Amino acid sequence: MTPQCPDNERGSRLVLLLTGLGWALLPWLQWMPVDFERGALLLAFGPALLAGRCFAGREWTRWWGTPSLRALLLGGLAILGCATASAAQPAPALVQAAQIILLGLIALLAGGLRSEVPGAARWLTGGLMLGALSGVAALLVSWMVHASPHHTRPDLLLGFYPHPRHIGLHLLPAAALAPMLAAMAVTRAGRLTWLAVATVLMTALVWSGGRMPLVALTAAAISGCWFARGQIHWRHIVPAYALPVATGVVLSTFFWTEAGNFGWWRSIATVANADD
């Protein structure tokens, strides 16, 4: 039986507030003395999931009632179960499976809020973007304080990220969403604002030196063209992705450093020397 959702606007807004704050505060939990890899999601979204479990339950019911989505859910759970059961180290595999299930619950909560609470999409997007931009700000401050033309310890340039790969993992959702919002904007000011946000995020992504984020962004652009067909022409979507990436490539060169493997130029070198 699906739990009863708050029947007043204040209760719904509280759940929405907790969810948005979870997105915004998630990266800052890396500075806390906790096991970020295993406990951050629960700390950031635990209160929201508890208060808004009804929204997640209703969204699950909607998904389960759609045959194609039900098949997708069952397939995903089957793959997760087989991977966990066949893992060489069962305990870590179970922990990772729990994290994936927790991510699914957060997605159900966000979907339920977007469907039932007016203005939820804007608030959730704001929390996601605020968390991502705060991560970029932390990187910029670290670079300004610690960057040196001589030798700099790579870990001092990471802001609150424990590893360069975490930069891509954290910024990628916001970086993939911002260009779509730019393509969907109905005003020039809105389009320019989202393009500026996308450019900032793309600059940090390409500076981090990762290769997979750019692959994922390409996949996001292709997916956006497919799912938005009939609503937004691909001629609006492709430039909304290509312009921030190209600008980010140029801007990231102003933050050149010899430390670590930062920068798209290092990514190219890594790929070129992969067979050496």
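**Exercise 1.** In this predicted model, find which residue forms a salt bridge with Glu-116 at a closest N to O distance of 3.5 Å, and work out which helices the pair ties together.

*Solution.* Begin with the carboxyl oxygens of Glu-116 and look for a side-chain nitrogen of Lys or Arg within 4 Å, the cut-off for a salt bridge. The partner is Arg-62, whose closest nitrogen lies 3.5 Å from an oxygen of Glu-116.

**Exercise 2.** Determine how many salt bridges a search of the whole structure finds, and which residues are joined into one network by shared partners.

*Solution.* The search of the whole structure finds three salt bridges. One of them is the pair from the first exercise, Glu-116 with Arg-62. Another is formed by the side chains of Arg-58 and Glu-116, with 2.8 Å from N to O; since Arg-58 sits in helix H3 and Glu-116 in helix H5, this pair ties together parts that are 58 residues apart in sequence. A further salt bridge links Glu-59 to Arg-62, with the closest N and O atoms 2.7 Å apart, and here both partners lie in helix H3, three residues apart, which is about one turn of the helix.

**Exercise 3.** Describe the largest pocket by its volume, its lining and the classes of its lining residues.

*Solution.* Start with the volume, which is about 1700 Å³. Then turn to the lining, which consists of 39 residues, with Trp-23, Leu-103, Ala-107, Leu-128 and Pro-173 lying nearest the centre of the pocket. Among the elements that give two or more residues to this lining are helix H3 (53-64) and helix H5 (90-116), and H5 provides the largest share, twelve residues. Finally, sorting the lining by class gives 26 nonpolar, nine polar and four charged residues.

Conventions. Residues are numbered from 1 along each chain as its sequence is written. This is a predicted model: local features need pLDDT of at least 70, side-chain atom pairs count only at pLDDT 80 or more; totals for chains, interfaces and linings use all residues. Side-chain values use heavy atoms; hydrogens and water are left out. On a 1 Å grid over the protein atoms alone, a cavity is a set of points where a 1.4 Å probe fits but cannot get out, and a pocket is an open set with protein on both sides within 12 Å along at least five of seven lines; lining residues have an atom within 4 Å of a point. Grid points are joined across faces, edges and corners, and a volume is the space filled by probe spheres set on the points. Helices (H or I, at least four residues) and strands (E, at least two) are DSSP runs, numbered from the N terminus. Ala, Val, Leu, Ile, Met, Phe, Trp, Tyr, Cys and Pro count as nonpolar, Asp, Glu, Lys and Arg as charged, and the others, Gly among them, as polar.
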